[in-house]
Amino acid sequence: MSKMFTEQQRFALNGPTMGTRWTALFFAPTGLDPAPVRIALQSAVDCVDAQMSTWRPDSDLMRLNAAPVGPWVPVPEHLRRVLLLGLEIGRASGGAFDISMGDAVTAWGFGPETAAPDRIRTAMTGKRTSAQDALDISEIGIRKSAPVSIDLNGIAKGYGVDRLADTLQAQGINAGLVGIDGEMRALGLRPDGTAWTIAVEKPDSTRRAAHSILALENAAVATSGDYRHWVEVQGRRLSHTMDPHRGAPLIAAPASVTVVAPSCAEADAWATALMVLGPQTGARRAKERGLDALFLLRNDAGEVTEVRVGPLFSQDPAAGASNMGT
């Protein structure tokens, strides 16, 4: 065993954020005081939540949503970066990822308010302007050219994971695995030279079990699916992922889509976009973008089949790993 390995100690930290918890598993020199690291990690995700939450009326995002059409609205840098990335992926996905779906998310009861039939009708029948057409972003702030409600739930958790990773690296820690609610990012390798192992869940709402295993080094993974958050309408379960063309939950969507990308914000947003695009168009778009993606499809009998894109998903699935590397 190498001297470097014997001098490394394993640390596991966690804390509350965005209605769930953040986790950080990392190796650092023996004797490291984890308290300052924990404080820095909590501060990083608290900043993201304060800027991007739709559950906090005082967040910078809600202030932007409340602003009138026309004037420039100054926003903090992290929010500005996420808005820029959201628009970029919106364009690259042909509008499948659209951060201006806040009205539909709220109407269908996936936000802080319960579902409301009148708002659902408005979301589905009213004139809809995409975020790409409604938002101008510059160094001085954001300007709305149309009344839109921005929702960043398809990208903010991923960005929060990236901030956790950035914070560890700023502390001189370069071997770790950080996550928020299943969105994960791996830094480097474990001290013994092996990759971080992460499980892709089976799309099963009744229990948590692994469908397949990923080995990650300096990469991020995110999953969007229909088996954790849904509404039931006339006996049919509808995903929390919104169809930008309908202003309503997806009807015929994959059970889940898992994406591996350089950053967790990208993986998070593209997982949502590929859910909207579906397995055929989504697989083509993933190949064009050089993304590794795994589509899990559920038939009427409940059987799960796959569509795999990229070398990371070329191996046969294996079961038995946990969500965190060990």
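Analyst: Start with A248. Its relative accessible area is 1%, so A248 counts as buried. Buried means under 20% relative accessible area, exposed means over 50%, and partly exposed covers the range in between, using a 1.4 Å probe and protein chains only. This is a predicted model, so local features need pLDDT of at least 70 and side-chain atom pairs count only at pLDDT 80 or more, while totals for chains, interfaces and linings use all residues. Residues are numbered from 1 along each chain as its sequence is written, and side-chain values use heavy atoms, with hydrogens and water left out.

A248 sits in strand 14, residues 248-249. Strands are DSSP runs of E with at least two residues, helices are runs of H or I with at least four, and both are numbered from the N terminus. Setting aside neighbours within four places in sequence, A248 touches W108, M124, T241, M242 and D243. Contact here means heavy atoms within 4.5 Å.

Follow the contact to T241. T241 lies in the loop between strand 12 (236-239) and strand 13 (242-243). Its relative accessible area is 4%, so T241 is buried. Beyond neighbours within four places in sequence, the partners of T241 are S224, A248, P249, L250, T272, M275 and V276.

Next, the helix packing. Two packed helices are described by the angle between their axes and the distance between the axes. The axes are lines fitted to C-alpha atoms, for helices over the stretch in contact, and angles run from 0 to 180 degrees between N-to-C directions. Helix 4 (residues 77-92) packs on helix 9 at about 5 degrees, with the axes 10 Å apart. That makes helix 4 roughly parallel to helix 9. The classes are roughly parallel under 35 degrees, roughly antiparallel over 145, roughly perpendicular from 65 to 115, and oblique for the rest. Helix 4 supplies L85, I89 and A92 to the contact, and helix 9 supplies A265, E266, A269, W270, R285 and R289. By class, that contact holds 6 nonpolar, no polar and 3 charged residues. Nonpolar covers Ala, Val, Leu, Ile, Met, Phe, Trp, Tyr, Cys and Pro; charged covers Asp, Glu, Lys and Arg; the others, Gly among them, count as polar.

Helix 8 (residues 156-170) also packs on helix 9 (residues 264-289), at about 165 degrees and with the axes 7 Å apart. Helix 8 and helix 9 are therefore roughly antiparallel. Their crossing is right-handed. From helix 8 the contact uses A156, K157, G158, Y159, V161 and D162, and from helix 9 it uses C264, A265 and D268. The residues of this contact divide into 5 nonpolar, 1 polar and 3 charged.

Now the rings. The count is 2 aromatic pairs. Rings of Phe, Tyr and Trp (its six-membered ring) pair if their centres lie within 6.5 Å; planes under 30 degrees apart are stacked, over 60 edge-to-face, and the rest tilted. F11 and F26 have ring centres 5.3 Å apart and planes at 15 degrees, so that pair is stacked. F11 is in strand 1 (residues 8-17) and F26 in strand 2 (residues 20-29), so the pair ties together parts 15 residues apart in sequence. F11 is buried at 6% relative accessibility, and F26 is buried at 0%. F27 and W196 form a tilted pair, 6.1 Å centre to centre with 40 degrees between the planes. F27 lies in strand 2 and W196 in strand 8 (residues 196-201), so this pair links parts 169 residues apart in sequence. Both F27 and W196 are buried.

Last, two backbone notes. Most residues other than glycine have a negative phi. M18 has a positive phi near 50 degrees. M18 lies in the loop between strand 1 and strand 2 and is partly exposed at 21%. N218 has a positive phi near 50 degrees too. N218 is in the loop between strand 9 (210-216) and strand 10 (219-225), and it is partly exposed at 48%.

Methods:
Left-handed = near helix turned anticlockwise from the far one by under 90°.
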